[in-house]
Amino acid sequence: MPIAKPLKQLLRRQLSRLHRDRPALLIFLFHALFENRQEIDTNRLDPQQRITLEQMREFILYFQRAGYEFPAPNRLRSELNPAGKYILITFDDGYFNNLRMLPLLQELGVPAVFFISTGNVQRQECFWWDVVHRERYKQGVPRTEISREQKQLKQLHHRQIRQRLVDAFGTDCFNPWSDTDRPMTVSELQSFAAEPLVYIGNHTSDHYILDNYPEREVVQQIRQGQAELERMLGFGPQLIAYPNGNYSPAAINAARDCGLEAGISLEKHKNYLPINWQSDDAYRLGRFTLWGTQDISRQCDVFRSDIRL
């Protein structure tokens, strides 16, 4: 019989203090970064994890106090001690609001990697899931129904998604409302990438959910994202985060062929050390999600656990 969710959470919290901190790389996913709760409540974009700057500070300080290190993302292969315990902070998509992380990274002395969907940056378009959330919210549609529509749209080809939204909300629906929901500009990305604690990763050109597409389009999306970042920044990333966490053998092969050294999914597991960087394991690294609607320290306690329910 499945364990009820509240009981599972209680068990995880209790067990996390008994079996924890086996040498591993723990990777965490973030999207938008909010100044405060008031900004979340504007609903100008899908708030997803609802993480504020103060919660991000709490998260980093928790793991620093627990003795975790924050390695440079471009030196994972060479600098992870098999006996160590590490945290990698990752942001997906390329929101302008991610620039708020820089002062915190500098203050606490930790790096982070930002995975960029280059098409949105170059076209200065909102991400399609934010368009759905924003427009349906204005219509008074409940959050559960908005989420259901987003999940249904993920099954379509990217071009079909765009056309449906234009048909439903007008040709200007991809125009950002404000700095909260827009992607970085090319010049902002270039300045951001020049910061010593900022690392840039590939998130495909147009955020294709890769296991939905034939090999030809998978290869094109990864190669194009890599080439566009090289053109904008003068160097190619070493890491890829698969959009929506979804990957396929074609995605792994394309990433390897592009010179990418590792791929990050959304499979919820620790990456125990040592990692075999020569195998496909390096291209299906696990990643956890932190939620701003739950107690940060309690979540971090569970993430440290080596017992999975």
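Two strands pair if DSSP finds at least two bridges between them. Keep that in mind for the first stop. The model is predicted.

**Strands**

Select I27 and L88. L88, in β2, is the bridge partner of I27. Now widen the selection to strand β1, residues 24-30, and β2. Seven bridges join these strands, which run parallel.

Stay on β2 and select residues 85-93. Eight of the nine residues are buried, so this strand is largely enclosed by the rest of the structure.

Four bridges join β3 to β2, and the two run parallel. Pick D93: I116 in β3 stands opposite. Then trace the chain from β2 through helix α5, residues 101-108, to β3. This β-α-β crossover is right-handed.

**Aromatic rings**

Switch to side chains. The structure holds 17 aromatic pairs. Start with Y208 and Y213, a stacked pair: 4.3 Å centre to centre, with 20 degrees between the planes. Both Y208 and Y213 are buried.

Move to Y242 and Y247. Their ring centres are 5.3 Å apart and their planes stand at 35 degrees, so this pair is tilted. Y242 has 0% relative accessibility and counts as buried. Y247, at 21%, counts as partly exposed, because buried means under 20%.

Now select F28, F30, F59, Y62, F63, Y68, F91, F114, F192, F288 and F303. Ring pairs link these residues into a cluster.

**Arginines over rings**

Which ring face does R22 lie over? Select Y272: R22 is 3.8 Å from the ring centre. Finish at R162, which lies over the face of F174, 4.5 Å from the ring centre.

How values were computed
Residues are numbered from 1 along each chain as its sequence is written. This is a predicted model: local features need pLDDT of at least 70, side-chain atom pairs count only at pLDDT 80 or more; totals for chains, interfaces and linings use all residues. Side-chain values use heavy atoms; hydrogens and water are left out. Rings of Phe, Tyr and Trp (its six-membered ring) pair if their centres lie within 6.5 Å; planes under 30 degrees apart count as stacked, over 60 as edge-to-face and the rest as tilted. Buried means under 20% relative accessible area, exposed over 50%, partly exposed in between (1.4 Å probe, protein chains only). A charge sits over a ring if NZ of Lys or CZ of Arg is within 6 Å of the ring centre and within 35 degrees of the ring normal. A crossover is right-handed if, with the strands pointing away from the viewer, the path from the first strand over the helix to the second runs clockwise.
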